[in-house]
Amino acid sequence: MKFVDEVSIAVQAGDGGDGCLSFRREKFIRFGGPNGGDGGDGGSVYLEADQGLNTLVDYRFHKHFKAKSGQAGMGSECTGRGGEDLVLKVPVGTVVWDATTHEQMGDLIKPNQRLLIAQGGFHGLGNMRFKSSCNQAPRQTTKGRPGESRQLRLELKVLADIGLLGLPNAGKSTFIRSVSAATPKVADYPFTTLYPNLGVVKVAQGQSFVIADIPGVIEGAAEGAGLGIRFLKHLARTRILLHIVDVAPVDGSDPVVNARAIAHELVKFNPELAERERWLVLNKIDLLSPEEREAHCDAIVKGLEWAGPVFKISAIQREGTQQLCYALINRLDEMGPMYAESEEDLAEDQSP
Ligand code: GDP
Ligand code: MG
């Protein structure tokens, strides 16, 4: 099963600086020679694979990038300064396409790997370059070349860092919607009813994670064995499970009983997954009056004999959701880099 995070960006390399037309002018020298310097080269644009990134979400907000142009040459044989290169960081595993020709430009598979995506313009030549025995005072220069510009499509296969557990109606989809910046494309997947609901959560520049609501993951496993295994593979990359519990179900059921049922199912579904770090998220606290909130939530935690982390949120009103996201990114950081360990993790979706 694979999810594809995809963005389009436009890049423009810097133009080359023009060559300079200039002659030496000094009081007691009547015919000073040509001394116009060359321009500087324009800066190029590169993509660089960065281990610390795991989504392309930053490029959903900022899509146009331009490297600096080279400066024009100057008199007294001065060369213009070259434009600085621009290096854009992307997660390891990013595939780069030219959006115009649909050609693949490269595949950034190794940390710190660099790919030139737009060449800076070559510098123009100053008139001092054109001096020759038969032309002592050339007035010729060349212009800098324009930098390359390109439309690119970046593609990254992503695996969820955070998995959501919970009964239907607990608020999983609402939670994803309230915290995520965008939803990556989900690749063709035959089991449409079990389509995972996915979001990319951006906490700060360069800090993001992928969250997946996998509805029916638990019920699904009992049915198709193959499906169960594939979900399992996907979940193998999940670092933290959030167990979302509705604190005030409309059907009047007991949140403690509901939560126990899910925990039970999880053990049956996959004992290994049940060992994974799990946080309790008490949702819909907006339905409780401020006075009863504390006691009501405490009672659920006690009833579950829950000793792990607890968060109280209202997914719909975005109350407590930001704190939860910060806590998640901090914990994920502590756990180490999040890129896929092997190609296999990402490529298991070839079979039907
Ligand atoms: P899912 O089945 O777990 O994905 O649950 P949904 O996200 O679809 O939510 C089920 C229902 O609960 C919807 O009607 C939501 O509007 C509602 N809901 C979700 N979160 C909250 C919340 O924080 N407060 C309240 N009052 N309702 C919520
Ligand atoms: Mg849902």
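Trainee: What's the bridge partner of valine 95 in β6?
Mentor: Valine 95 is partnered with aspartate 107. Strands β5 (residues 94–98) and β6 (residues 104–108) pair in the antiparallel sense, over 4 bridges. Two strands count as paired if DSSP finds at least two bridges between them. This is a predicted model, so local features need pLDDT of at least 70 and side-chain atom pairs 80 or more, while totals for chains, interfaces and linings use all residues. Residues are numbered from 1 along each chain as its sequence is written, chains are lettered from A and ligands numbered from 1 in the order written, and side-chain values use heavy atoms, leaving out hydrogens and water.

Trainee: And the hairpin of β5 and β6, how many residues between the strands?
Mentor: There are 5. Histidine 102 in this hairpin takes a positive phi near 60 degrees. Strands here are DSSP runs of E, at least two residues; helices are H or I, at least four; both are numbered from the N terminus.

Trainee: Switching topic. What's the order of the 3 strands in the open sheet?
Mentor: β4-β2-β7, with mixed pairing. β4 (86–91) and β7 (114–118) are the edge strands, each pairing on one side only. Twist averages 30 degrees from one strand to the next. Angles run from 0 to 180 degrees between N-to-C directions, with axes fitted to C-alpha atoms, for helices over the stretch in contact.

Trainee: How many bridges join β2 to β4?
Mentor: 6, and the strands run parallel; β2 spans residues 45–50. Valine 45 stands opposite leucine 86 of β4.

Trainee: Now the sheet of 6 strands. What order?
Mentor: β11-β12-β9-β13-β14-β15, open and mixed. β11 (197–204) and β15 (310–312) stand at the edges with a single partner strand each, so one side of each has no neighbour in the sheet. The twist there averages 25 degrees from one strand to the next.

Trainee: Do β13 and β14 pair in a parallel or antiparallel sense?
Mentor: Parallel, over 7 bridges, with β13 at residues 240–246 and β14 at residues 277–283. Isoleucine 240 has glutamate 277 of β14 as its bridge partner.

Trainee: Which strands does helix α4 touch?
Mentor: β9 (162–165), β13 and β14. Contact means heavy atoms within 4.5 Å. α4 (residues 255–269) packs on the sheet, its direction about 150 degrees from that of β13.

Trainee: On to ligand 1. How many residues surround it?
Mentor: 15, and the closest are Asn169, Lys172, Ser173, Thr174 and Asp286. A residue is in if one of its heavy atoms lies within 4 Å. The largest share, 3 residues, comes from helix α1 (residues 172–179).

Trainee: Where are N or O atoms facing oxygen atoms of ligand 1 in side chains, say asparagine 283?
Mentor: Asparagine 283 has a side-chain N or O atom 3.2 Å from a ligand oxygen. For the side chain of serine 314 the distance is 3.3 Å. Isoleucine 316 places a backbone N or O atom 3.2 Å from an oxygen of ligand 1.

Trainee: How much of the accessible area of ligand 1 does the protein cover?
Mentor: 73% of the 580 Å² that the ligand has on its own. Those areas come from the Shrake-Rupley method with a 1.4 Å probe.

Key:
A polar contact is a pair of N or O atoms within 3.5 Å; within protein, one must be able to donate a hydrogen and the other to accept it, and residues adjacent in sequence count only if both atoms are side-chain atoms.
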